[in-house]
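I opened my notebook to look up a few spots in this structure. Here is what I wrote down, entry by entry.

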Amino acid sequence: RRAPCHSPRPLSKAARNCFSTRESADVSNADPAAMKPRRFMPSGPLRGTIRVPGDKSISHRSIMLGALAVGETRVTGLLEGEDVLSTAAAMRAMGASVERIGDSEWSVHGVGVGALLQPQAPLDMGNSGTSTRLLMGLVASHPITAQFIGDASLSKRPMGRVIEPLSQMGAAFAASEGGRLPLTVRGALPAVPITYRLPVASAQVKSAVLLAGLNTPGITTVIEPVPTRDHSERMLRGFGADLSVAVEADGTRVIRLVGEAELKPQTIEVPGDPSSAAFFIVAALIVPGSELTIQNVGLNPTRAGIVEVLRQMGGDITEVNRREVGGEPVADLVVRHSALKGIPVDPAIAPSMIDEFPALFVAASLAEGTTITTGLEELRVKESDRISVMAAALSGAGARVTETEDGLTIEGTGGEALRGTSNSRTKTHLDHRIAMSMAIAGLVSRDGVEVDDTRPIATSFPVFEALLDGLAQ
């Protein structure tokens, strides 16, 4: 039986309590006896219409910025996965009121920029790297001290790329070896505005610096040589921050934020998460006979790289009912089974689909010919080393995969089913995207694919298994 938090149906009072207290799957527990393995078996055509949960990036930011605005922010379509709940709990601990008032509808009463309160206990980030890095930015320019802790997977992830610019702004850090959690941030008042050129494309580092800039006198500038997802810029402007973006001749983006901002509460409708939709897009493309409609998918151009690449591979993906919701482009996607072709993936597109590469690797395994991916170094410092872990997982299921320093080269089967895993389990390393990617691989295998632990899926997509089970014919 699934825990109540995973139910796709309207939530009972017990389930609402579950969301508010984060009592769903504890993925920090690596005890083999606590794991929830599952074998995902070959499937008939996937048919029907689904709606994926709200965009995780926008969900995080709507709670954070709502907590810094004076007044009530209403959010509908919020992703109620464990990562976003970690953000909600942290903002409560620093003085904001964050309450669930209906199905995926939340009310946030903010305290105002500069008025965050001293948390009385460590901030438990669970598995959420986004929560950790962005909240480090918020704390960095407030006169408070906060300790950040997380589960076993998050505690392995380095935070140095965020610590470096926030230290330049005056914040002080006491981190575990390698700049990892547990770590303590002592905010600076006043913080010092900086001009920071991102050495590696990272929306999280950019966002952390901009969030620190909200309570910093003067102008905080971030120079972005390679564009990354721009939800922070869009939403900061939407909440009333004085933020400008200039694009230079070579494509470099220069983002300037005027500090000591006064944010105004908003009404936000969160579009469907393209990272979550990616698993079902790939599944419909590779399972013969499939035709699937995925409603309300966010297609922000800094996030929609997976759709572009799959189309380059021959994927039949049609956009219908294209519209704007809260300043974000949205459409319904109709996806049909397609004979995919392997391609060299342009590394310049990587920032717009960095979280979707595990799903793309599965699609490449079923394509005709060779798919080459490069420029993916950031994947090695995600919830797991996603290059090595996906190489091992797909090879274990019968795919032909070569690991390189910065990507994978995959020789596709031309549509032939993968062997699957008959006598072994795929190791997910507490990584939700590995678990979901290999679940999709199981649909196009002879023996099925058994993943060692499905619990991490709840961090971003609590109803994934229920949706998948409901589509298989």
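Which residues in α12 are buried? I am working from a predicted model, and there I found H432, R433, I434, A435, M436, S437, M438, A439, I440, A441, G442 and L443 buried. That is twelve of the twelve residues of α12, so I noted the helix as mostly covered, because buried means under 20% relative accessible area.

Next I checked the length of α12. Its twelve residues (432–443) should span 16 Å at 1.5 Å a residue, and the end C-alpha atoms are 17 Å apart, which agrees. At the N-terminal end I found D431 as a cap, with a side-chain oxygen 3.0 Å from the backbone nitrogen of R433.

Then I turned to aromatic rings. I searched the whole structure and got five aromatic pairs. One of them is F357 with F361, a tilted pair at 6.0 Å centre to centre and 45° between the planes. Both sit in helix α10 (residues 357–366), four residues apart, about one turn of the helix. An α-helix has 3.6 residues a turn, so residues three or four places apart point the same way. F357 is buried at 1% relative accessible area, and F361 is buried at 0%.

I also looked at F461 and F464. Their ring centres are 5.6 Å apart with planes at 65°, so the pair is edge-to-face.

My last stop was R455, in the loop between β21 (449–451) and α13 (464–471). R455 counts as buried at 5% relative accessibility. Its side chain reaches the backbone oxygen of A34 at 3.5 Å. R455 and K36 are 419 residues apart in sequence, yet 6.2 Å apart in space, C-alpha to C-alpha.

Technical notes
Residues numbered from 1 in each chain as written. Predicted model: local features only at pLDDT ≥ 70, side-chain atom pairs only at ≥ 80, totals over all residues. Heavy atoms only, no water. Helix = DSSP H or I, 4+ residues; strand = E, 2+ residues; numbered from the N terminus. Buried < 20%, exposed > 50% of the residue type's maximum accessible area, 1.4 Å probe, protein only. Polar contact = N/O pair within 3.5 Å; in protein donor to acceptor, adjacent residues only side chain to side chain. Expected span 1.5 Å × (residues − 1). Phe/Tyr/Trp six-rings, centres within 6.5 Å; stacked < 30°, edge-to-face > 60°.
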